[in-house]
Amino acid sequence: MFADISHERQQSLLRQRNLFALTSAGLGIALVVAVSLAATRDREVVLLPTLPKQLTVSSAGVEADYLELVTRDAALVLLNRSPEGLDYWMDEILKLADPASYGRLKADLVRIVEEQRGSDVTQAFIIRSMTVDPKGLTSDVTGTLKTFVGAQVIASDERRFRFNWTYRGLRLALSGFSQLPPKETTKEAQ
């Protein structure tokens, strides 16, 4: 009688061991398949036609090249505007906005839209130079700001603008912009 109970118990333990071995083997095979898929997975790179080279984004910080390209595009959107496209203009700039600065930026942009809506004043900016500070997350853009009424140029001035950025979770976002005073030009001694 004890032999029957002992035999039954051994058979039960043997079935459990075999089931555990099969489960372990199945999980091992699944792990090998997952690792091989991850290792052979195609690398995806987003290619934009305006980028001269491949860029990577890292949690370690912003590369100067990336900051320069984003600043260039933001400056061209922000500083080129006409009354016909003001709503689109404001929406595109707000897509770049840092959530913490969104309200302040929107208030500034709404003020500009209200001033320009219904007028014939168009603004065009030609970038001449740019300096970026990836550590301080700022960029300064210098260029010529042309103001048109209809088709006639009424002003063409040298201007400097500063863009302030934040970098969180691999996202570079606009936190502010301002016009800077023109750089002082030094005259050489004659």
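**Entry 1: the second largest pocket**

How many residues of the lining of the second largest pocket are nonpolar, how many polar and how many charged? I looked this up in a predicted model, in which local features need pLDDT of at least 70 and side-chain atom pairs count only at pLDDT 80 or more, while totals for chains, interfaces and linings use all residues. Residues are numbered from 1 along each chain as its sequence is written, and side-chain values use heavy atoms, with hydrogens and water left out.

I found that the lining divides into eight nonpolar, five polar and five charged residues (Ala, Val, Leu, Ile, Met, Phe, Trp, Tyr, Cys and Pro are nonpolar, Asp, Glu, Lys and Arg charged, the others, including Gly, polar). I noted that 18 residues line this pocket, and that Arg81, Arg111, Ile112, Glu115 and Gln123 are the ones nearest its centre. The elements that each give two or more residues to this lining are α2 (64-79), α4 (102-116), β1 (121-133), β3 (152-168) and β4 (171-180) (DSSP runs numbered from the N terminus, helices being H or I of at least four residues and strands E of at least two). I saw that α4 supplies the largest share, with five residues. The volume of the second largest pocket came out at about 370 Å³. (On a 1 Å grid over the protein atoms alone, a pocket is an open set of points with protein on both sides within 12 Å along at least five of seven lines; a cavity is a set where a 1.4 Å probe fits but cannot get out; lining residues have an atom within 4 Å of a point. A volume is the space filled by probe spheres set on the points, which are joined across faces, edges and corners.)

**Entry 2: the cavity**

The largest cavity holds about 30 Å³ of space, and its lining is made of Thr56, Val57, Ser58, Gly61, Val62, Glu63, Tyr66 and Tyr167. I sorted these lining residues into four nonpolar, three polar and one charged.

**Entry 3: the whole chain**

I listed four helices and four strands in the protein chain, and from the N terminus on they run α-α-α-α-β-β-β-β. The C-alpha trace spans about 115 × 50 × 30 Å along its principal axes. The radius of gyration of the protein chain is 31 Å, whereas a compact globule of 190 residues would have one near 16 Å (taken over C-alpha atoms, with the globule rule of 2.2 Å times the number of residues to the power 0.38). I also noted that 25% of the 190 residues count as buried (under 20% relative accessible area, with exposed over 50% and partly exposed in between, for a 1.4 Å probe and protein chains only).

**Entry 4: helix α1**

I followed helix α1 over its 39 residues, 2-40, and its first and last C-alpha atoms are 57 Å apart, close to the 57 Å expected at 1.5 Å a residue. Zero of the 39 residues of α1 are buried, so the helix lies largely in the open. In an unreviewed entry, UniProt lists residues 19-39 under "transmembrane region", an annotation that may be inferred rather than shown by experiment. I checked that span in the model, where it is 100% helix and 0% strand, with its end C-alpha atoms 30 Å apart.

The C-alpha atoms of Asp65 and Thr23 are 51 Å apart, and 42 residues separate them along the chain.

I found Lys183 in the segment after β4, exposed at a relative accessible area of 56%. Between the C-alpha atoms of Lys183 and Thr142, 41 residues apart along the chain, the separation is 9.5 Å.

I ended with Leu137, in the loop between β1 and β2 (138-149). Leu137 is buried, with a relative accessible area of 17%, and its phi is near 55 degrees, a positive value in a residue other than glycine.

Methods:
The expected span of a helix is 1.5 Å times one less than its number of residues.
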